[in-house]
Amino acid sequence: MQRIGVFVCHCGTNIAATVDVKAVAEALGREPSVVLSAEYQYMCSESGQNLIKDAIREHGLTGIVVCSCSPRMHEATFRKTATAAGLNPYMVEIANIREQCSWIHKNIEEATEKAIILGRAAIAKVLLNAPLTAGESPVVKRALVIGGGIAGIQTALDIAEAGYEVDIVEKNPTIGGKMTQIDKTFPTLDCAACILTPKMVDCAQHEKIKIYSYSEVEAVSGFVGNFSVKIKRKARYVDETKCTGCGLCTEKCPVKKVPNEFNMGMDNRRAVYIPFAQAVPKIATIDADHCNMLKNGKCGVCAKVCSVGAIDYKQKDTIIEEKYGAIVVATGFNPIKVDKYDEYAYSQSKDVITSLEFERLTNAAGPTSGTLLRPSDGKHPHTIVFIQCVGSRCTPEKGKTYCSKICCMYTAKHAMLTREKYPDTDVYVFYIDVRTPGKNFDEFYRRAVEDYGVHYIKGAVGKVVPRADGTLDVQGSDLIMNEQIHIKADLVVLAAAIEPDKSARPLATMLTASMDTNDFFTEAHAKLRPVESPTAGIFLSGTCQGPKDIPETVSQASACAVKVVGLLAKDKLTCNPCVAHSDELMCNGCGQCANVCPYGAISYSDKEFRMPDRTTKMRRVAYVNPAVCQGCGACTVTCPSGAMDLYGFSNEQIMAEVDAICK
């Protein structure tokens, strides 16, 4: 005979303010097989857990239902409590009467009635629960970091320093990411290269770190602790083991008019190139789209001048496969394309540029060697207008609804450095409102206004019109002065919104990781698990999870590394026993369950069955590998014959819950 205990939590006033907790406990206490129904202020507290332990022992409970907050918060807590009292942890059910009830209702009677229904459904399910035993799986002591920007670099270094092997996969020819294109960093105005390049070198020289540059993740299978990853190494047409990075090939290549993506297309590079002087690895790459030898077989200059014979025109893409215990996503961001914002004349005038293009113009390694010149005529601009929130904080049709977080600060940096280096330049900033949420950020912004004389104008720019004399007419509104203004500008800089890298969504599909509507990776819990994906073994680092500045990115990268190290430090992981299984008598071997399984946990084998006439027949049936299955349930809803079911969430249990809700 089943003996069920029900425990209803007040959760302070989170639940009790909207739900009559006492009435819920009394109503559920009258349900069949319920021998105890109690209420308490905080069930998750030590005294609340002790109450549950004592009740299990005193009343010989065979199952418990806790009516409280989301199981994402405290299901593990209450399962440990049950285990400590000698009850199988999978005989615990959570009725979520906080997020699914009290937080979404205002009427106490309605909320109380719904809480009772949710509790009744949980009781119906726990009556059909069976004790489950979790298995174990080994952990591969190696981590994969996808993305070689500052987030990926910091994560990899911290994991490697803990003694574990790390592979970095970077799609570009060099690691470093967007930070390599930046001149100075706010709020300290440190040289970005001076901070970043030592870390890049540390990565290259660390015995525990292997860098797969100019590579992409092709496929991911497996599960937490034992991922199998295929990495596509794109052909550089240069032998990495021979190239010394001398750069002679890049000097002699006759193809000179290839737009330089590192400098945002504002100058040209050759068909064979090294992205920048401090590139890691410092190995040349041949651009197959522009190389004459690869396109038509006519040239070969780079091979002739290479003294070590590193040029290999026959090189092909290769696929390597590695095993990993944990995967870190650090895919970074890109500024949005501003071509569609034609009111700012970006596509009409070379003198309307983005903030990242402005960075390259002011960088000593940029197209103008750090001298601020107008792209159209190479002259020094005397009036510069910065326009904030281009594509940020607007309607979905116009751009991104979110704040990109870094724009206010880097615009203040640009304005300050411009005024410092070129005191004869007038600088105007049009803004919606200035956001400076970081340490010393507000002081930094005030310095730009008070010490450097930057003109901040609260208002929007309606239009930028190129003039016949080569200047730009910036038409905007000053909301404080309540007037329309026109500024004759030499250069207009657009603070473009940032968005996740385009590789993020296909990667999320491979990893079965969650994303939000803006294609940022979703964390398991915004407050309690901010660097973990809901998919076990997948961790998040940097701006792949949301807009961040460099200090915040580095902090999150190190936090992510700690979580990875905590996983890799374990020899074995406890598996989830709530896995799928097949009823061989009902299975017809159609293969639909295997087609939808995201983990590759389902295989097929031929099995001999005895027929009613005593003859035998071979039939194809499904088999589920419990070590690989993650209990997502996709196979159970796909199976046309109903042969697939899920331990802990069987069709019978779910229908019992539905019946309890409807009665």
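Contact here means heavy atoms within 4.5 Å. The model described is predicted. Its protein chain holds 17 helices and 34 strands, and 51% of the 663 residues count as buried.

**Helices and their buried faces**

- In helix α1, residues 21-29, the buried positions are Val21, Val24, Ala25, Ala27 and Leu28. Viewed down the axis of α1, these residues fall within an arc of 165 degrees, so they line one face of the helix.
- The cover over the buried residues of α1 includes β1 (4-9), β2 (34-40), β3 (63-68) and α4 (108-126).
- Helix α12, residues 441-450, buries Phe441, Phe444, Tyr445 and Ala448. Down the axis of α12, the buried residues fall within an arc of 95 degrees, so they too line one face of their helix.
- α11 (407-421) and β23 (455-458) are what the buried residues of α12 pack against. On the face of α12 turned away from the buried side are the exposed residues Glu443 and Glu450.
- As background, an α-helix has 3.6 residues a turn, so residues three or four places apart point the same way.

**Overall dimensions and surface**

- The C-alpha trace of the protein chain spans about 90 × 70 × 45 Å along its principal axes.
- The protein chain carries 75 positive and 75 negative side chains, and the centres of the two sets lie 5 Å apart.
- Of the contacts between residues at least 6 apart in sequence, 68% join residues at least 24 apart.

**Nonpolar cores**

- The largest nonpolar core has 59 residues, and Ile159, Ile209, Ile286 and Val564 have the most contacts inside it.
- Two or more residues of this core come from each of β6 (142-146), α5 (150-161), β7 (165-169), α6 (192-205), β10 (209-212), β18 (326-329) and α14 (550-568). The most comes from α5, with 7 residues.
- Beyond its neighbours within four places in sequence, Ile286 is in contact with residues including Arg236, Tyr237, Val238, Ala271 and Val272. Cys291, Leu294, Cys302, Ile311 and Tyr313 are also among the contacts of Ile286.
- A second, separate core has 42 residues, among them Ile56, Cys67, Phe78 and Ala111.

**Gly370**

- Gly370 lies in the loop between α10 (355-362) and β21 (383-390). Gly370 has a relative accessible area of 6%, and it therefore counts as buried.
- Not counting residues up to four places away in sequence, Gly370 touches Leu361, Thr362, Asn363, Ala364, Lys421 and Tyr422.
- From Gly370 to Cys203 the separation is 167 residues in sequence and 28 Å in space, C-alpha to C-alpha.

**Backbone exceptions**

- Most residues other than glycine have a negative phi, and most peptide bonds are trans.
- Phe186 and Pro187 are joined by a cis peptide bond, with omega about 0 degrees. Pro187 is in the loop between β8 (184-185) and β9 (190-191).
- Pro281 is in the loop between β15 (272-273) and β16 (285-286).
- Asn440 has a positive phi, near 65 degrees, and is found in the loop between β22 (426-431) and α12. With a relative accessible area of 45%, Asn440 is partly exposed.
- Thr512 has a positive phi, near 50 degrees, and is found in the loop between α13 (504-511) and β29 (538-540). Thr512 is partly exposed, its relative accessible area being 26%.

Definitions and conventions:
Residues are numbered from 1 along each chain as its sequence is written. This is a predicted model: local features need pLDDT of at least 70, side-chain atom pairs count only at pLDDT 80 or more; totals for chains, interfaces and linings use all residues. Side-chain values use heavy atoms; hydrogens and water are left out. Helices (H or I, at least four residues) and strands (E, at least two) are DSSP runs, numbered from the N terminus. Buried means under 20% relative accessible area, exposed over 50%, partly exposed in between (1.4 Å probe, protein chains only). Lys and Arg count as positive and Asp and Glu as negative; His and the chain ends are not counted. The place of a charge is taken as NZ of Lys, CZ of Arg, CG of Asp or CD of Glu. A nonpolar core is a set of buried Ala, Val, Leu, Ile, Met, Phe, Trp, Tyr and Cys residues joined through side-chain atoms within 4.5 Å. The arc is that of the directions from the helix axis to the C-beta atoms.
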